[in-house]
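Please study the sequence and the three-dimensional structure shown here before reading further. The paragraphs that follow lead through the structure step by step.

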Amino acid sequence: MLKKNLLSIAVVAAAMSLAACNDKEVVAEPVEPEATTDVVVEPEVAAEPMVEADVAPEAAATQTIGEMAAGNKDLTILTAALQAAGLDSMLMAEDKYTVFAPTDDAFAGLLTKLNITKEELLADQATLKSVLPYHVVPMVVKAADIPYGTAIETANGQTITISDANVITDSNGNTANIVGTDMMATNGVVHVIDTVLLPK
């Protein structure tokens, strides 16, 4: 009986000892940290001054007005007329000009109106020396700078006016539409028109 009690005590003691060991060896399971709602504030960085984007400059002009007209397939009669009147060298000089350049179709309309041939027109130097400078303004006037509704003096001394619809009125009340603008040359600018302007 004593042996049985001793055995029971030994078993209980061993169980307690094991329990104590187990208590020490329990490893806490990792606990995920709670999500934080704190906002991390980045240090302020001084804003750099705003720089405007570089705008590509206009393509540099490489030809004079005279050279540009001579190379344009729609301005062959104008080129021939300038040469016939001896005015082509003026538009190749370094002085600055704005030219309202009539197209070949514009000259065809004039030939019909005057009932003459191209050859007859080119032979009439007096008319050419009056008409051609009437298409020239002795300064550079880009399309954005046209003084609408104001009399503009031309190289022959008479004036033209231009409406905000880009319609030119000559001294006879005839009109021409500006159909192309801002063809830049080394000595000025060319605007293309669809009718020949006639001075008084």
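Once its neighbours within four places in sequence are set aside, Ala61 is in contact with Met184, Ala185 and Thr186. Ala61 itself belongs to the loop between α1 (2–25) and α2. A related pair is Ala61 and Gly188: 127 residues separate them in sequence, whereas their C-alpha atoms are 9.3 Å apart in space. Ala61 is partly exposed, with a relative accessible area of 31%.

The whole protein may now be considered. The model is a predicted one, and this should be kept in mind throughout. Its secondary structure consists of six helices and seven strands. Read from the N terminus, the elements follow the order α-α-α-β-α-α-α-β-β-β-β-β-β. Among the contacts in the protein with a separation of 6 or more, 64% are made by residues 24 or more positions apart. The contacts of Ala61 with Met184, Ala185 and Thr186 may be read alongside that figure.

The next topic is the division between interior and surface. Of the 200 residues in the protein, 31% are buried. The accessible surface is about 13,400 Å², and carbon and sulfur atoms account for 58% of it.

In soluble globular proteins, nonpolar side chains tend to be buried together. Which residues have the most contacts inside the largest nonpolar core? They are Ile65, Leu78, Val99, Phe107, Leu132 and Val196, in a core of 29 residues. The elements that supply two or more residues to this core are α2 (65–70), α3 (76–85), β1 (97–102), α4 (104–114), α5 (118–123) and α6 (125–131). The greatest contribution to this core comes from α3, with six residues.

Charged side chains come next. How many salt bridges does a search of the whole structure find? The search finds one. In this salt bridge the side chains of Asp74 and Lys73 meet, at 3.7 Å from N to O. The two partners may also be described by their accessibility. Lys73 counts as exposed because its relative accessibility is 68%, and exposed means over 50%. Asp74, by contrast, has a relative accessible area of 39% and is partly exposed.

Asn166 is a residue other than glycine, yet its phi is positive, near 60°. Asn166 is located in the loop between β4 (159–162) and β5 (167–169). With a relative accessible area of 23%, Asn166 is partly exposed; this value is not under 20%, so the residue is not counted as buried. Asp182 is not a glycine either, and its phi is positive at about 55°. Where is Asp182 placed? Asp182 lies in strand β6 (residues 175–185). Asp182 is likewise partly exposed, with a relative accessible area of 32%.

Definitions and conventions. Residues numbered from 1 in each chain as written. Predicted model: local features only at pLDDT ≥ 70, side-chain atom pairs only at ≥ 80, totals over all residues. Heavy atoms only, no water. Helix = DSSP H or I, 4+ residues; strand = E, 2+ residues; numbered from the N terminus. Buried < 20%, exposed > 50% of the residue type's maximum accessible area, 1.4 Å probe, protein only. Contact = heavy atoms within 4.5 Å. Areas by Shrake-Rupley, 256 points an atom, 1.4 Å probe, with all protein chains shown as cover. Core = buried A, V, L, I, M, F, W, Y, C linked by side-chain atoms within 4.5 Å. Salt bridge = Lys/Arg side-chain N within 4 Å of Asp/Glu carboxyl O.
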